[in-house]
Amino acid sequence: MVLAVGLAVPLAPLVTPFAGILAVMLPTYRSEPPAAAGTRVTLGVAFGLTALTLVVLSVAQILVWNPLAKVPGLTLEQIYAEMTAAGQLPPAGHVILGMWAVVWGLAAIVFPIGVRVPWVSARRVAVMGFAMVGLIGTTQWIPAFGIGMALADTFLTSGEDASPVGAVIMIAGNVALAAAALIAIAPLRAGAASAEPTAAPGPTPAPVA
């Protein structure tokens, strides 16, 4: 049961949002011309590297920077030794972090390959890329929660992040999600504007004799 929950927590933020994005966006972009191969590759690599960088920064924030900022008087080894001695560092916390990092790391690596399909438009690549980056930034609190609570219970501090990196990652994630949403609805608005019925011309007045 614990393993199933540990698998579902990091997988759900990846599978469910992307399934929703694809279900909504695919009918919208059927008539949109595909991007050139070079454009798809460039965008795919850029988003993939950005996502992978965000995963690495999140792991470093959770395991290194935040603990050191929480307990500035101790080394990282001493902090983890204290948490282990107090029984506040269950293996499940690292398992969830590892699963989260592996899932999003694989997504970042696979993304540049997936966008090479010839019918993908540049707009679709941008929407899915920003969504991937945004979901990484806004879900990093899930693996951070267990280790953060272990720090708080061991050293009698609050569960909030002491390092500012976590807040920066969260802000970046929200900005990326907003960008994905704006890019996604832009063609819908354009299509709606072009689909508005135009007023039929009135009858031509008869010429005056």
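How many helices and strands does the protein chain have?

1. The protein chain has seven helices and zero strands, with helices (H or I, at least four residues) and strands (E, at least two) taken as DSSP runs numbered from the N terminus. Along the sequence the pattern reads α-α-α-α-α-α-α.

2. The model is predicted: local features need pLDDT of at least 70, side-chain atom pairs count only at pLDDT 80 or more, and totals for chains, interfaces and linings use all residues. Residues are numbered from 1 along each chain as its sequence is written, and side-chain values use heavy atoms, with hydrogens and water left out.

3. Of the 209 residues in the protein chain, 35% are buried (under 20% relative accessible area, 1.4 Å probe, protein chains only). The accessible surface (Shrake-Rupley method, 1.4 Å probe) is about 11,500 Å², and carbon and sulfur atoms hold 74% of that surface.

4. Among contacts (heavy atoms within 4.5 Å) with a separation of 6 or more, 88% join residues 24 or more positions apart.

5. The second largest pocket has a volume of about 200 Å³. A pocket is an open set of points on a 1 Å grid over the protein atoms alone, where a 1.4 Å probe fits, with protein on both sides within 12 Å along at least five of seven lines; lining residues have an atom within 4 Å of a point. The volume is the space filled by probe spheres set on the points.

6. This second largest pocket is lined by 16 residues, and Trp141, Ala144, Phe145, Gly159 and Asp161 lie nearest its centre. Helices H2 (37-70), H6 (141-155) and H7 (165-195) each supply at least two lining residues; H6 gives the most, with seven.

Terms used: Buried means under 20% relative accessible area, exposed over 50%, partly exposed in between (1.4 Å probe, protein chains only).
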